Structures are given as structure tokens and as C-alpha cells.
Amino acid sequence: MALGVKRGLQTRVKGSVEKMATMTTLRPLSETFAERPAPLRPATFEQLAALPDELIDVATGAALIARDAYARLDLDRLSARFDEMAAPLIVRGVAAMPVDDQVQIVSSYLYEELGFRGNEHDYYDPKNSLLPDVLDRRLGIPITLALVYCEVAARAGVRARGVSFPGHFLVRVDAAGREDAPVAVDPFFSGRRLDEPGLQKLLERASPSQRFVAAEHLAPATPRAMLVRMLINLKWIYATRGDFARALLALDRIICLTPDSVPALRERGLLAVRLGAIEAARADLSRLLELVPQAPDASTIRKQLEELRSKAAVLN
């Protein structure tokens, strides 16, 4: 074989081997994960509502709800405030502590050092349900204070989740890898611990005949359910204040999260009738009858639909 051809063949073989080595050599895991782009934060509430439950971030959802009131709200800055609040807990090494110590330290930090508290004097102030106001004023209602507790705790390595307890939203804190011994925390009253007799007493306020069952009453709330409960609170507050436009927007958000919610469709349809939004009312009430044609008030709804069709015909 000619010397030039031999050298050319060696060069090509060497290049191929080097290329194969590059293709088959694993990169360090830290480098691989570091270069992966972070998941994009949903820009709108509709985008967030379309996500599967496991991808819904409650704090982002709460921030998007607040953006209906504060159009210029910076979602990234709001999230960074939780990071800043959690930093001292991280330094204290709370993640490695027993669960009882975690609850004591997180509660003491949030309520004694940072000054969060339940707004007992003006419970139905809409600001108690709007996340930026809760962070600014250190005031809230059980569900928004639970959100703050869970977000700060999670960033510090503490496994805290919201609980849709009847009549009073709670937080449960679990040891890592365990589900059988949750510690119940009342986020409205200084993060106090609730034992079983205390939980039974709290349950009786909302449902006197029920008996407390931990597996049922302390089940973690899904992100979607938590956002719906926040919106139900806001809707009720706006409606009782006569702010029906904002109440309607809250119902829009609820139905965005739960499109086939019969109570929400009924309420939004009837509110649309009240506000003169004929086509919107017809759409909701018609959808309601598709879902439950034998609803107890089906005949009344059909009569309303006939009246709405007549009004629409006159307007056209």
C-alpha cells in the first residue's frame, strides 16, 4: 500500500474512533442536569390550569390569581420572596431534624420572627386571599397562610402539604418517606399543633356528626383543589360585597380548573344572567343540562334558557 494512502487511512480510522469515543462517553451528571433548561413558568392562568395536577405549582397559581387585581405583578420576584424567607431555615439545617422539631422551628420562625398571623379582625378582606398582600401585610386566612407555610417549608427541605379540612384549611407535615404519622398544623393560629382531640373538636364545628379519621380528613390537597378553594373564598367575598364582575372572574378561574363543575357552571350562568351576559349564560346553563339532564332544577333552567333565547332574538 502506498505510504500516502496508508497515512490517509490511519487518519480516517483515528478520527472515527475519536468520534465514537465522544459519542459513547457519558458526561458528568452535574453537567448534564445543569444544562437542562428549567421548565417554563405558565404565563397565563389558562396555561397553568391545562397542566396535569402534578405539574401545577400552587404559588404560581396564587400569583396568577392575584395578577387579576395587580396587572403588573412580577411572578419571578414573588417566588424569590419565598426563597429569601426560607434561607435562614436552610442555614439552621431544619431538613435533617425530626419532624416534631421541624414543625416547632418553622412555626416559630414564620409566626414569631416574621410576624405572620391570621386576620381575625377583618377575615373577609379580599387582601387576605391575594398572595402579594399576604406577604406584604403578614396577614391572611387559613388557606393563604397554609400556602406560605408550605412554600417556605418545602424550600427548607420540610415535607409540608395543604389539607382541605372541613371548614378550616390546615397543613400536614410528614417525616421524609413516611405517610403514617402526619403532624397537623393550624396555619391561622400561629402554626399550633393539633392533636386528635383538637382535630375532632375542629371537625365538629363544621360537621357535628362526623368522627375524625386521619386518612380521610388529613389527606393532602391536590394543587388544583387548593386553587379552587382559594377562588371559592374570593368569589364569595366579592359577591357579598356586590362586586359581581370580580366574582364572575373568580368563577371563570374555577371553571378553567374544573370545566365540568356543575355548581360552578350553575352559579356562573345565573350570575351572567344577572349581569346581562345572555350568550355566556346560555352557554353555561346549556352545558349544565348536558352534564346533568335530570338535575333537580332542570325544569327551571330550561325555562330560563327559553327566556334567554327570546331575549337574544329581540336583540338580534
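Predicted model: local features only at pLDDT ≥ 70, side-chain atom pairs only at ≥ 80, totals over all residues.
Student: OK. Which residues of α8 are buried?
Tutor: The buried residues in α8 are Pro 142, Ile 143, Thr 144, Leu 145, Ala 146, Leu 147, Val 148, Tyr 149, Cys 150, Glu 151, Val 152 and Ala 153. That makes twelve of the 14 residues, so α8 is largely enclosed by the rest of the structure.

Student: And how far does α8 reach from its first C-alpha to its last?
Tutor: The helix, residues 142–155, reaches 20 Å, close to the 20 Å expected at 1.5 Å a residue. Following α8 comes Gly 157, which has a positive phi near 85°.

Student: Moving to the strands. Which residues of β4 are on each side, and are they buried or exposed?
Tutor: Leu 170, Arg 172 and Asp 174 sit on one side, Val 171 and Val 173 on the other, and all are buried. With five of its five residues buried, β4 (residues 170–174) is largely enclosed by the rest of the structure.

Student: How many bridges join β3 to β4?
Tutor: Five, and the two strands run antiparallel. Val 163 stands opposite Leu 170 of β4. The hairpin of β3 and β4 has six residues between the strands, and there Gly 167 takes a positive phi near 80°.

Student: What about β4 and β5, how many bridges there?
Tutor: Three, again in the antiparallel sense. In that pairing Val 173 is opposite Val 183 of β5.

Student: Different topic. How many aromatic pairs does the structure hold?
Tutor: Four. One of them is Tyr 123 with Phe 188, an edge-to-face pair at 5.6 Å centre to centre with 65° between the planes. Tyr 123 lies in the loop between β1 and α7 and Phe 188 in the loop between β5 and β6, so the pair ties together parts that are 65 residues apart in sequence.

Student: Tyr 123 and Phe 188: how is each one placed, buried or exposed or in between?
Tutor: Tyr 123 is partly exposed, with a relative accessible area of 30%. Phe 188 is buried, at 7%.

Student: Next pair, Tyr 124 and Trp 236. Why is it tilted?
Tutor: The ring centres of Tyr 124 and Trp 236 are 5.1 Å apart and the planes are at 50°, so the pair counts as tilted. It links distant parts of the chain, with Tyr 124 in the loop between β1 and α7 and Trp 236 in helix α11, 112 residues apart. Tyr 124 is partly exposed at 46% relative accessible area, and Trp 236 is partly exposed at 43%.

Student: Which residues do the ring pairs link into a cluster?
Tutor: Tyr 123, Tyr 124, Phe 188, Phe 189 and Trp 236.

Student: Which element gives the most to the lining of the largest cavity?
Tutor: α12, with four residues. The lining divides into eight nonpolar, no polar and three charged residues. Among the lining residues are Asp 68, Arg 246 and Arg 253.

Student: And where does the largest share of the lining of the second largest cavity come from?
Tutor: From α5, with four residues. By class, that lining has five nonpolar, two polar and two charged residues. Arg 41, Asp 57, Thr 60 and Ser 79 are among the residues that line it.

Key:
Residues numbered from 1 in each chain as written. Heavy atoms only, no water. 1 Å grid on protein atoms, 1.4 Å probe; cavity = no way out; pocket = protein on both sides within 12 Å on 5 of 7 lines; lining within 4 Å. Nonpolar A, V, L, I, M, F, W, Y, C, P; charged D, E, K, R; others polar. Expected span 1.5 Å × (residues − 1). Buried < 20%, exposed > 50% of the residue type's maximum accessible area, 1.4 Å probe, protein only. Pairing = 2+ DSSP bridges. Phe/Tyr/Trp six-rings, centres within 6.5 Å; stacked < 30°, edge-to-face > 60°.
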